[in-house]
Amino acid sequence: MAEGFLQRLDTRLDAIDEYEREPVPESKLKGWKGFLGMYAGEHTAGTEFVIGPLFVAHGVAAVDLIWGLILGNILAVLSWAFLCAPVAVKTKLTLYWQLRKICGSKLALIYNIVNALMFCFLAGSMIAVSATAVGLPFGIAMPALGDWLPTSLGWIITVFVVGLVITIVAILGYDYVARFANISFPWMILVFIAAALAVLPQLGVTSVSDFWPVAKEGIWTGIPAEGQSKFTFWHVMFFAWFANMAMHIGMSDMSILRFAEKWQYGFSSATGMFFGHFIAWMASGILTAAAAGAIAPGIIAYNSAGIAGAVCVVIAGWTTANPTIYRAGLAFQSVTPDWKRWKVTLFTGLVTTIFACFPALVMKLLDFVALYGLILMPMGAVIFLDVMIFPIFSMRSNLAEITGLDFNWAAGLTWFVTLLLCLFIYLYMGIEIFFLGLPGWFIAALLYVGISILYQKKLQPVPA
């Protein structure tokens, strides 16, 4: 009986078609509703319970926070709408298979492994966020700001339970990921807002006129915690813009937006940016100020909103980890084409859950988010130019596909040299990692165009 059940389960999972290696058919394209909730749910999520408190810890001033978030989030939405979405709608392919057409199988293999591991790290941090709430009823010690290693066996068990649930949803495919986000988002944002409002009296806010003085003097004071660097308006703006650099200018959200009927659906990202990366970051900053600087998301949410707050942390971690594991699974799928997608996603979930056991993923989230976006960004520039710009100037797109290359050196050198130049700028010019994405993208664009002009002259198409 058990064997028969497993066979039926295997058959049903195999039948879930996510069009990993082909364009999404017209019949499967989705309208606005399929993206508004997904972006809102993914970005009103577990990271918000970490990033908001870290801004407080880094001593962001209140006025710098407000204006930095407004401008940075607008720039992020424009990056999704004008860079990622047009490419996704034109190709209807995942990033990973489009890259294979441009770069060749060997270069794509290297990139996809790096990409998948980066997303595993990010999803792992969200599993850890959920675990900080799940472990509360059991008295499990929560990680502190300086913790790098697992703090107890109970912590590891909690992480594995949370990781299993999240992986199951990701296995079921994009429809279930989007449905989960649509259901979760309205409730989550209300909990964020309600929790922040509930603790404001503890901070001395008893009327609307009290908020701004308290915000400047008691929450976002402009004074960093001991051992933390000072953040300014520019840190906030660039972080808000590039927190999801891998997704928009790095093109990873091609995997999501390939289901869009129109490129304008890239503006759907505004729900995530302004409900999540504006309201929720501010709300969680208020919560950490009320919790006397506590960082663990489960603790600050439970202290302010009780059980509802703890449950919100759990769901918030899931709504980010689900699509992130989905993306990572698609990346690994292109590396292991003989494996079924659900088996690849299951493996991805296991790797991600192991990473989640290490609290450093959460406690160093700002630095990690900036780093993984920077690593993946140059290939985003390669894809955008290859798909949208090269045809305008009669340059050949999808070079590997039409010439039989397995390693496109124009793309490979662009990726490697851009990262080396960014490292040089970081080490010898003293520019922080948060600011490197902007010059890095233009460096990659110039390199790819220049090298391609020379490289394409030497290559001839494969005869039909």
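This is a predicted model: local features need pLDDT of at least 70, side-chain atom pairs count only at pLDDT 80 or more; totals for chains, interfaces and linings use all residues.
Started with K92: skipping its neighbours within four places in sequence, I find it in contact (heavy atoms within 4.5 Å) with E22, P23, V24, E26, L29, V87 and R258. Numbering runs from 1 along each chain as its sequence is written, and side-chain values use heavy atoms, leaving out hydrogens and water.

I placed K92 in the loop between helix 4 (62–91) and helix 5 (95–103); helices here are DSSP runs of H or I, at least four residues, and strands are runs of E, at least two, numbered from the N terminus. Is K92 buried or exposed? It counts as buried because its relative accessible area is 15% (buried is under 20%, exposed over 50%, partly exposed in between, with a 1.4 Å probe and protein chains only). I also looked up its side chain: a polar atom there lies 3.1 Å from the backbone oxygen of V89.

Next, F435. I found F435 in the loop between helix 18 (409–428) and helix 19 (437–457). F435 is buried too, at 18% relative accessible area. Not counting residues up to four places away in sequence, F435 touches W234, H235 and F238.

Last, the whole protein. I count 19 helices and zero strands. Of the 464 residues, 58% are buried.

Technical notes. A polar contact is a pair of N or O atoms within 3.5 Å; within protein, one must be able to donate a hydrogen and the other to accept it, and residues adjacent in sequence count only if both atoms are side-chain atoms.
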